[in-house]
Amino acid sequence: MTARRPSRRPAFALLSWLLVLLPCPFAAAAGPADALIARISWLGGCWESVDPARGIEEQWMRPRGGVMLGMSRTVRDGRTREFEQMRIEEQEGRLVFTSRPSGQAEASFGSVEVTATSVVFENPDHDFPQRIIYRMGKSGILQARIEGTQAGKVRGGDFPMRRTACSGEGK
């Protein structure tokens, strides 16, 4: 019978966890872009419309590298009716929301207001909407709103959403 050497796995496992949990001394510090976009980190996560009949889902990746990436879809009668790819990033000292809705050209909107609980983006030259607004309510409801003028009439739409799990599983 040969003698067994003691396993080193527990020591390596502990070292691996420490490396994951401890900050890396060589990692770059957060820059100004990260600091600005961090003000809207509350937007990160998965959201669904408060009214299930609307079938809207929206997901935002947390700020990282000065960018938040997002996507949304609207499902009615079991079919995807609309979808959108989005990003928020810093450009020239302000946040810029860029959207590519299904079937439409990409459009960008610059921030005109950024607070700890809201962000307002505007593009007066866009057809509709000209304003995109996200506000985090005290109740935890995210109030998304689009507004502007179309065919000479002021229009707007509200999209209240609640946080939901980002499970990746279909409903």
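**Figure 1. The hairpin of β5 and β6 in the predicted model.** β5 and β6 form a hairpin with five residues between them, and Gly-103 in the turn has a positive phi of about 75°. The model shown here and in the other views is predicted. Four bridges pair β5 with β6 in the antiparallel sense. Across this pairing, Ser-99 has Ala-107 in β6 as its bridge partner. β5 is mostly covered, with six of its eight residues buried.

**Figure 2. The pairing of β4 and β5.** On this side, β5 pairs with β4 in the antiparallel sense over eight bridges. Glu-84 stands opposite Pro-101 in β5. The hairpin of β4 and β5 has two residues between the strands, and Glu-92 takes a positive phi near 55° there.

Figure 3. Glu-89 lies in strand β4. Its relative accessibility is 18%, under the 20% limit, so Glu-89 counts as buried. The side chain of Glu-89 makes a polar contact of 2.8 Å with the side chain of Arg-87. Leaving out residues up to four places away in sequence, Glu-89 touches Ile-37, Gly-66, Val-67, Arg-94, Leu-95 and Val-96.

**Figure 4. Strand β1 and its two partners.** All five residues of β1 (residues 45-49) are buried, so this strand is largely enclosed by the rest of the structure. β1 and β2 run antiparallel and are joined by four bridges. Cys-46 stands opposite Gln-59 in β2. Between the strands of the β1 and β2 hairpin there are six residues, and Gly-55 in this hairpin takes a positive phi near 65°. β1 is also joined to β10 by four bridges, and these two strands run antiparallel. In that pairing, Glu-48 has Arg-162 in β10 as its bridge partner.

**Figure 5. The lining of the largest pocket.** The largest pocket has a volume of about 760 Å³. Its lining is made up of 34 residues, and those that lie nearest its centre are Glu-82, Glu-84, Pro-101, Ile-146 and Phe-159. The elements that give two or more residues to this lining are β2 (56-60), β3 (67-76), β4 (79-91), β5 (94-101), β6 (107-114), β8 (131-136), β9 (142-150) and β10 (153-164). β10 supplies the largest share, five residues. Sorted by class, the lining holds 17 nonpolar, eight polar and nine charged residues.

**Figure 6. Ala-116 in the loop between β6 and β7.** Ala-116 is placed in the loop between β6 and β7 (118-122). At 60% relative accessibility, over the 50% limit, Ala-116 counts as exposed. Apart from neighbours within four places in sequence, Ala-116 is in contact with Arg-39 and Trp-42. Arg-135 is 19 residues away along the chain, and its C-alpha atom is separated from that of Ala-116 by 9.3 Å.

**Figure 7. The elements of the protein chain.** The protein chain has two helices and ten strands. Along the sequence, these follow the pattern α-α-β-β-β-β-β-β-β-β-β-β. Of its 171 residues, 32% count as buried. Among the contacts with a separation of 6 or more, 33% are between residues 24 or more positions apart.

Terms used
Residues are numbered from 1 along each chain as its sequence is written. This is a predicted model: local features need pLDDT of at least 70, side-chain atom pairs count only at pLDDT 80 or more; totals for chains, interfaces and linings use all residues. Side-chain values use heavy atoms; hydrogens and water are left out. On a 1 Å grid over the protein atoms alone, a cavity is a set of points where a 1.4 Å probe fits but cannot get out, and a pocket is an open set with protein on both sides within 12 Å along at least five of seven lines; lining residues have an atom within 4 Å of a point. Grid points are joined across faces, edges and corners, and a volume is the space filled by probe spheres set on the points. Ala, Val, Leu, Ile, Met, Phe, Trp, Tyr, Cys and Pro count as nonpolar, Asp, Glu, Lys and Arg as charged, and the others, Gly among them, as polar. Buried means under 20% relative accessible area, exposed over 50%, partly exposed in between (1.4 Å probe, protein chains only). Two strands pair if DSSP finds at least two bridges between them. A polar contact is a pair of N or O atoms within 3.5 Å; within protein, one must be able to donate a hydrogen and the other to accept it, and residues adjacent in sequence count only if both atoms are side-chain atoms. Contact means heavy atoms within 4.5 Å.
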